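Subject: Structure handover

Hello,

Here is the structure I said I would pass on. Please look through it first, and then read the notes below.

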Amino acid sequence: MATNALRSLWAEPRPASPPDRRTRDWALVAVLIGWSVLEAVLRKDMAPLPLLVIAALAVVVPLPWRRTHPLVVVVIAFGMVTVVDIARILTGSPGVLPSSVSATLVIAYALFRWGSGREAASGLGVILLWLAITCVAESSSLAETVAGYVFFLFAAALGAAIRYRTKIRVRDVDEAKARERELLARELHDTVAHHVSGIAIQAQAGRAIAASHPERAIEALAVIEDAATRTLTELRAIVGVLRSTQDTGFAPQPGVAEVEQLATDGRTRPRVEVTLFGELEDLSPAVGAAIYRLAQESITNARRHARHATHVTVSVTGDADEVRLTIDDDGSAAGGRVPAGYGLVGMRERAALLGGTFHAGPAAERGWRVEAVLPRTGTPR
């Protein structure tokens with residue numbers, strides 16, 4: 001088991017899309033170089049100037065590349081500082097290195113935050129080698145040596161912890177999106193199954209009466225044509241939406257009309273008020289189901305997370321091209337709601353799959369607002 005764990009760590013890839021060099025990285029370089037210059041001018045207990053310059057530049061200059069090339073930065077920074085410490089030991093040069101060398105803690109953090117498993121293991125070897133040599137160069141006591149190892153191991157552990165926390169977060173977000181895709185696909189599947197069942201029934205009826213009542217058979221064909229057209233529209237909406245193999249029934253899915261059933265009277269807190277306005281007929285079943293699910297999830301979130309909320313308003317407005325859903329509550333601003341919660345991730349994913357937009361956040365005056373705009377046809381991306 002331990003061997004498998006080590007192999008897994010060794011094969012760990014780099015995190016995707018590490019941040020590139022930023023303005024604050026160059027600002028950090030400028031500050032550290034300036035600080036090193038001040039130390040060289042004002043302090044009397046410093047190492048010889050050539051060694052100061054090499055150590056400071058070796059550690060500070062590579063800092064902006066620590067995320068994109070973590071192992072290279074470790075080798076340059078710690079390798080050059082190791083050479084400086086060896087020179088101090090061999091020449092017996094007195095004095096200390098500039099404080100900017102402490103930026104090696106940032107480099108150690110970056111190695112375990114952004115490096116692959118192989119890079120982290122290789123870089124750790126370079127760091128431990130430097131620590132052993134610098135303790136000799138500085139004539140450190142046992143307590144100082146232990147403290148040095150603790151600091152660097154803590155920086156490495158912190159980088160690894162944040163790395164895996166981010167990885168888990170990304171995995172959970174992907175799972176939330178996958179669940180929403182599965183639910184949407186199931187709802188679309190049920191709608192298509194309903195249409196196909198109707199087509200089969202009409203076809204059987206047409207065959208039964210074709211000989212005795214040909215005109216009624218023609219009417220059945222017209223019904224079949226209309227149902228087939230609707231079915232093709234829904235099939236296009238399914239394209240690109242993943243679906244699991246779980247068994248599902250063919251029950252009709254809730255739509256805009258069922259949103260009114262989410263309203264409550266004053267005996268339940270918060271009270272939910274629903275308003276439907278505009279052109280809400282002949283919506284794509286997927287859009288109707290999405291409006292209902294988004295409203296239902298938003299009301300549930302308000303009940304769970306909106307502190308002191310007494311009133312939730314749900315407004316659905318339709319026009320010739322799109323449907324707009326708006327949910328407002330009057331909860332306290334300190335409600336503790338997390339905009340990046342997985343429920344909101346799922347709602348945003350559902351809206352995007354249907355070609356719409358989704359926004360959730362604090363309202364202008366008080367409370368929380370959820371707003372989704374979906375095209376009437378529910379054209380997926």
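Is the crossing of H5 and H6 left-handed or right-handed? The crossing of these two helices is left-handed; a crossing gets that name if the near helix is turned anticlockwise from the far one by less than a right angle, and is right-handed if clockwise. Before the rest, some background on the model.

This is a predicted model, in which local features need pLDDT of at least 70 and side-chain atom pairs count only at pLDDT 80 or more, while totals for chains, interfaces and linings use all residues. Residues are numbered from 1 along each chain as its sequence is written, and side-chain values use heavy atoms, with hydrogens and water left out.

The whole chain

The chain holds 11 helices and 5 strands. Helices (H or I, at least four residues) and strands (E, at least two) are DSSP runs, numbered from the N terminus. Of the 381 residues, 41% are buried. Buried means under 20% relative accessible area, exposed means over 50%, and partly exposed is in between (1.4 Å probe, protein chains only). The accessible surface of the chain is about 21000 Å², and carbon and sulfur atoms account for 62% of that surface. Accessible areas come from the Shrake-Rupley method with a 1.4 Å probe; for residues, only the protein chains shown count as cover.

A contact means heavy atoms within 4.5 Å. If you take the contacts between residues at least 6 apart in sequence, 77% of them join residues at least 24 apart.

The mean pLDDT (the predictor's confidence in each residue, from 0 to 100) is 81 for the chain, and 82% of the residues reach 70 or more. Over residues 240-251 the pLDDT is below 50, though this stretch has 23 contacts in the model beyond near neighbours in sequence. Where pLDDT is low, the predicted coordinates should not be read in detail.

Two helix pairs

Back to H5 and H6. H5 covers residues 104-114 and H6 covers residues 117-137; they pack at an angle of about 155°, with their axes 9 Å apart. The axes are lines fitted to C-alpha atoms, for helices over the stretch in contact, and angles run from 0 to 180 degrees between N-to-C directions. H5 and H6 are therefore roughly antiparallel to each other. The cut-offs are these: under 35 degrees counts as roughly parallel, over 145 as roughly antiparallel, 65 to 115 as roughly perpendicular, and the rest as oblique. On the H5 side, the contact is made by Thr104, Ala108, Leu111 and Phe112. On the H6 side, it is made by Glu119, Ala120, Gly123, Leu124, Ile127 and Trp130.

H5 is largely enclosed by the rest of the structure, because 8 of its 11 residues are buried. Among them are Ile107, Ala110, Arg113 and Trp114. In the loop between H5 and H6 lies Ser116. Ser116 has 15% relative accessibility and counts as buried. Leaving aside neighbours within four places in sequence, Ser116 is in contact with Glu12, Pro13, Arg14 and Arg163.

The other pair is H3 (residues 49-60) and H4 (residues 70-91), which pack at an angle of about 165° with axes 8 Å apart. H3 and H4 are therefore roughly antiparallel as well, and H3 passes H4 in a left-handed crossing. Leu51, Ile54, Ala55, Ala58 and Val59 of H3 meet residues of H4 that include Ile76, Met80, Val84 and Arg88.

Gly288 lies in H10 and is buried, with a relative accessible area of 7%. Its C-alpha atom is 5.0 Å from that of Val256, which is 32 residues away along the chain. Apart from neighbours within four places in sequence, Gly288 is in contact with Pro254, Gly255 and Val256. Asn301 also lies in H10 and is buried, at 16% relative accessible area. Not counting residues up to four places away, Asn301 touches Ala306, Leu344 and Met347.

Which loop holds Asp282? Asp282 lies between strand S1 (271-278) and helix H10 (285-305). Phi of Asp282 is near 55°, a positive value in a residue other than glycine, and Asp282 is exposed at 71% relative accessible area. His308 is in the loop between H10 and strand S2 (311-318). Phi of His308 is near 65°, again positive in a residue other than glycine, and His308 is exposed at 56%.

Regards
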